[in-house]
Amino acid sequence: MIKVNNLAKVFGAKRAVDHITFSVERGEVLGFLGPNGAGKSTTMRMITGFIPPSEGSVSVGGFDIVAQPIQARRLIGYLPENAPAYTDMTVYGFLNFAAEIRGMGRDARKKAVNRAVELCFLEPVLHQSVETLSKGYRHRTCFAQSIIHDPDVLVLDEPTDGLDPNQKHEVRQLIRRMGEKKAIIFSTHILEEVDAACSRAIIIDRGRIVANGTPEELRRKSEWAGAVTLRVSGINGATLSDKLCRLSSVKRATILKEEATGVTARVFPRNNGNGLLASSIADAAQGWRIEELHTEEGRLDEVFRSITMPDTAAQNGKEEEQPKELNS
Amino acid sequence: MNPWRNIWTITKRELGAYFSSPIAYVFIVIFLLLSGFFTFSAYLGKFFERREASLGSFFIWHPWFYLFLVPAVGMRLWAEERRVGTIELLLTMPITAWQAIVGKFLASWLFLALALFLTFPLWITVNILGHPDNGVILSGYIGSWMMAGAYLAVSCITSALTRSQVVSFIISLIACLFLILAGYPPVTNMIDWPWLVNLVSSFSVMTHFDGFQRGVLDVRDVIFFVSVIGFSLFTTSVILRTHRAG
């Protein structure tokens, strides 16, 4: 449904989006991740035709967004960043306007507004002015606007921003449900949302795609993936670490905590472990007792950090140098 | 789909926006008070002192009223959309930028027509007191409305330039002032060459409103106002496009 081909956007000297290519099919929910300023919103604005691309093309449902903007936009529902809405209108008036400009007749509008109001739980504020709404309601009002015409394609820029945990949950459920029949792309920097709602995720950094895959695939990129955390008693830390490192499947082991009652350690596998690490550790347990043992799944936030901040280590080094300069 | 349907949808929304805030009512009251005061004042319009059955003392002030009032009506059109961010919604709807521009312009223009219409007690007054040429009065109203449209279209440009309504108001006031001064006798008298006077004053709303006030409907005057409106709306579309292109 959405095809983004070699898309680039240059603002002055700054490359906001640097030749990215991806596509989203019907039935997919694509999570769009990246640090602030990575180019997420710019990409979404180009997909919806708000800003023209500097290079490359976007097609939505087969219509090029630049050459056939009206046909393409008809298929899209868009929730811009910060969920803007006309503050001088009531919620009902605003949704009715959104339906009318999408070309719906009187009866269709009524049905569409009712449906959107129900899906977004806007009943209590229906005749309130948008200006007086709390942030959560305002956000959902704009969200309701984006689904008013039951579009095939949904582009949502931070749809859960500013919502309370319950509302976040509802919106994720909604996205997930709607994702079965639509092509959805949504941006976020809350990583748990990727697990909760996405069938696939893209991480972009400085305008480039740095990772693309299902949440599981991304998680496997973590160096934690397949790592084993264990707590044992009857042995001291140094000996344990020494023994663990001698196992052929172990890359390295770190002692996290050493107490009188036991030692907690984390063991990282060689070549991703294949899930055998835990059993080989259990087999090697002689002279000490395993109190607890489990395999880590890999963590998205760690993958996210390691991908989007590869030079963290270098920067840390610099930061350490600076105080020395001050002292001297 | 029918483009006028989209334009009308936008126009309805904008008109609703005017009347959902006190701005519309404040504007209309100020407009009516000012026009009443200027028309009847013994110092300014001298409606009674003139001892003639016409609304000449009413229309003559319009270029100056509009200088302040029309930018106040037009300043929010695009500046507010940009400030709140709704421009991103509006321009990603399945409508063209032109339809949005024309729809918004029409809404404000209709609003000004309403304000102008509400001065009808003046017309009643002058008809009770004497026997005016109602054709001249009608032509005055038409000319006044066209002139308001020209000012308004200039305000559209300035409104699209900024996200601050105040900045938009000030710039469009200055731009409209030029439209007046180019044909204002104290200014044109400073120019020595007659051909230059003609050239400069042909850009002024004063010159082209003059015929309407006297009841002369000249096609050239109509073309002038229509082309100012057309050109300004085109400029607005260019500004909106470049703004989005970054």
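This is a predicted model: local features need pLDDT of at least 70, side-chain atom pairs count only at pLDDT 80 or more; totals for chains, interfaces and linings use all residues.
Trainee: Got it. So are A:Y86 and A:F94 buried or exposed?
Mentor: A:Y86 and A:F94 are both buried.

Trainee: How many aromatic pairs are there over all chains?
Mentor: The count comes to 23. One of them is formed by A:Y86 and A:F94, with 6.2 Å centre to centre and 70° between the planes, an edge-to-face pair.

Trainee: Why those two numbers?
Mentor: A pair of aromatic rings is described by the distance of the centres and the angle of the planes.

Trainee: Okay, chain B now. Why is the pair B:F224 and B:F225 edge-to-face?
Mentor: Planes over 60 degrees apart count as edge-to-face. The planes of B:F224 and B:F225 are at 70°, so the pair is edge-to-face, and the ring centres are 5.2 Å apart. Both B:F224 and B:F225 are buried.

Trainee: Which residues of chain B form one aromatic cluster?
Mentor: Among them are B:Y18, B:F19, B:Y25, B:W61 and B:Y151. B:Y18 has a charged neighbour to look at too: B:R76 lies over the face of B:Y18, at 4.9 Å from the ring centre.

Trainee: Nice! And what sits over the ring of A:Y86?
Mentor: That's the charged end of B:R13, 3.5 Å from the centre of the A:Y86 ring.

Trainee: Switching to the surface: what kind of patch do B:F19, B:Y25 and B:W123 belong to?
Mentor: They belong to a nonpolar patch, which also includes B:F48, B:L114 and B:I128. Together, the patch residues have about 1,000 Å² of accessible area. The elements giving two or more residues to the patch are α7 (97–117) and α8 (120–129) of chain B.

Trainee: Which element gives the most?
Mentor: α8(B) does, with five residues. B:I128 lies in that helix, α8 of chain B.

Trainee: Why does B:I128 count as exposed?
Mentor: B:I128 has a relative accessible area of 66%, and exposed means over 50%.

Trainee: Last topic, the sheet in chain A. What is the strand order?
Mentor: The order is β2-β1-β4-β5, in an open sheet of four strands with antiparallel pairing. β2 (14–24) and β5 (63–64) of chain A are the edge strands, and each pairs on one side only.

Trainee: How many bridges join β1 to β2(A)?
Mentor: Seven bridges join β1 (residues 2–11) of chain A to β2(A).

How values were computed. Residues are numbered from 1 along each chain as its sequence is written. Chains are lettered from A and ligands numbered from 1 in the order in which they are written. Side-chain values use heavy atoms; hydrogens and water are left out. Rings of Phe, Tyr and Trp (its six-membered ring) pair if their centres lie within 6.5 Å; planes under 30 degrees apart count as stacked, over 60 as edge-to-face and the rest as tilted. Buried means under 20% relative accessible area, exposed over 50%, partly exposed in between (1.4 Å probe, protein chains only). A charge sits over a ring if NZ of Lys or CZ of Arg is within 6 Å of the ring centre and within 35 degrees of the ring normal. Patches are made of residues with over 30% relative accessible area and no salt bridge: like charges are joined within 9 Å, nonpolar side chains (Val, Leu, Ile, Met, Phe, Trp, Tyr) within 5 Å. Accessible areas come from the Shrake-Rupley method with a 1.4 Å probe; for residues, only the protein chains shown count as cover. A salt bridge is a side-chain nitrogen of Lys or Arg within 4 Å of a carboxyl oxygen of Asp or Glu. Two strands pair if DSSP finds at least two bridges between them.
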